[in-house]
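Here are some exercises to work through with the structure open beside you. Try each task before reading its solution.

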Amino acid sequence: MNERNSAGELVEFLRGELNRYSPGGKLPSSRALVERFRVSPVTVTRALAQLAAEGLVVTRPGAGAFRAQPRTTAPAPGDTSWQEVSLSGDGGPEVVPRTVDASGVLVTLAAPPSGVIEFNGGYLHPALQPERALAAALARAGRRPGAWDRPPVDGLPELRAWFAREIGPGVGAADVLVTAGGQSALATALRALAPPGAPVLVESPTYPGMLAVARAAGLRPVPVPVDADGVRPELLDAAFRATGARVFVCQPLFQNPTGAVLAPARRAEMLRIARAAGAFVVEDDFARRLAHEDAGPLPPPLAADDPDGVVVHVCSLTKATSPSLRVGALAARGPVLERLRAIQVVDSFFVPRPLQETALELVGSPSWGTHLRSVAADLARRRTLLAGELRRSLPELDLPHVPSGGGSLWLRVPGGGSGADEAAFVSAALRAGVAVAPGRPYFCAEPPAGQVRISFAAASGAAEITEGVRRLRVAYDALGSFGG
């Protein structure tokens, strides 16, 4: 049993034992708990810290742990109903309502109930995360001189330089801002580039978190369809002309959710169209470090060869490491960089220095390359297994494209494009013990068909992937024929 589980069990036991002690009464010593429960001192320390955080015990250095004094009665809840009136209008009409539907994001962030297979997750399963390398990097970072000092607002120079080298030779450290992950970088970019009420062109389908960020900024997402080769240039040109938009957000590499890679011929054409429209292209390069081992040579980021400053580049370490290593980067050229910097400083001041130091230690260690190679191999095996199991056991779900990067598959649900069919399948899957992500939140307009996104990166391993597909077969059969 690992330390994390042991600590949780010890917390539950001690929580039940607290009534045996009077308020202020001393609990058994750490040594006594170690001997009694046959756990490590680290486990005992973690359990007591959890109880202290809950306000149930008080720890005193050199004296031990004591039962806390009972909490005072909570005050009666106030009346917040006035906020419904206040939030519905702030003195003038809004072009775009600022209410935000975060359901598409929460689907990939919320842990499923116990016993439910996580085919809807947006991050690597802990088995794929570099936990030992992260722990070692964090320990080394903590020993760095000034590790807890205030960092430069733009980020540590060494980390900015590392991101610049990763993006390409056309980008320098001075062009880079360190951000608190990719989501924060996207929010900063959209607020910097478009005023409230403005249209912003987006791929269709696209990442729900980006749609939520755009709507939270008061922007109006306008869909531009993608196919197997990425965004369609002729439709992008038409969308710029029809809307007057000055921003286009795209994921040229392993697009989420389709897995498409922007075709070489379309890369230059897309930038030409945006430049002619006087528009920025926000490049969300989220999956570069999630390429599969059979992906072959990857195209460089769009920002690597963009002397005119059309591209605002977003990337992050989070997807390839841990949800909690929220360290990313914004890269841009020209006056827009100052606007990006100003918005980020106002929003968050800076990214915590310990996180930046940890990121530096991680990417500078030999374990970084080893981890990326391991993830590339594991994701390729998982993708091949899931695609094969789906085609063998559930051929009714159409799988038009098997990607060579990212952590999920995008499938069409039969039934004539009915949203009800999609919702019914997602609900039936959950009843059968497997959580999948519905396709509707990936569209900012009416979707052309019912679709689902199935993650292989969030599953625990091959056995769970096989079992998950078996449960999806059960769910499908329980619904009978679609569109009947």
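Two exercises follow, each with a worked solution.

Before you start, note that this is a predicted model, in which local features need pLDDT of at least 70 and side-chain atom pairs count only at pLDDT 80 or more, while totals for chains, interfaces and linings use all residues. Residues are numbered from 1 along each chain as its sequence is written, and side-chain values use heavy atoms, with hydrogens and water left out.

**Exercise 1.** Find R471 and decide: is R471 buried or exposed?

*Solution.* Start at helix α16, residues 462-479, where R471 sits (helices are DSSP runs of H or I, at least four residues, numbered from the N terminus). R471 has 18% relative accessibility, so R471 counts as buried (buried means under 20% relative accessible area, exposed over 50%, with a 1.4 Å probe and protein chains only). Next, look at its surroundings: beyond neighbours within four places in sequence, R471 is in contact with G115, V116, I117, A432, G433 and V434 (contact means heavy atoms within 4.5 Å). Finally, check A432: 39 residues separate A432 from R471 in sequence, yet their C-alpha atoms are 5.7 Å apart.

**Exercise 2.** Work out which residues make the contact between α8 and α12.

*Solution.* First locate helix α8 (residues 182-193) and helix α12 (residues 336-348), whose axes come within 9 Å. Then list the contact residues: α8 gives T188, A189, R191, A192 and L193, and α12 gives V336, R339, L340, I343, Q344 and D347. Sorted by type, the residues of this contact are six nonpolar, two polar and three charged (Ala, Val, Leu, Ile, Met, Phe, Trp, Tyr, Cys and Pro count as nonpolar, Asp, Glu, Lys and Arg as charged, and the others as polar).

Notes. Helix = DSSP H or I, 4+ residues; strand = E, 2+ residues; numbered from the N terminus. Axes fitted to C-alpha atoms, helices over the stretch in contact; angles between N-to-C directions.
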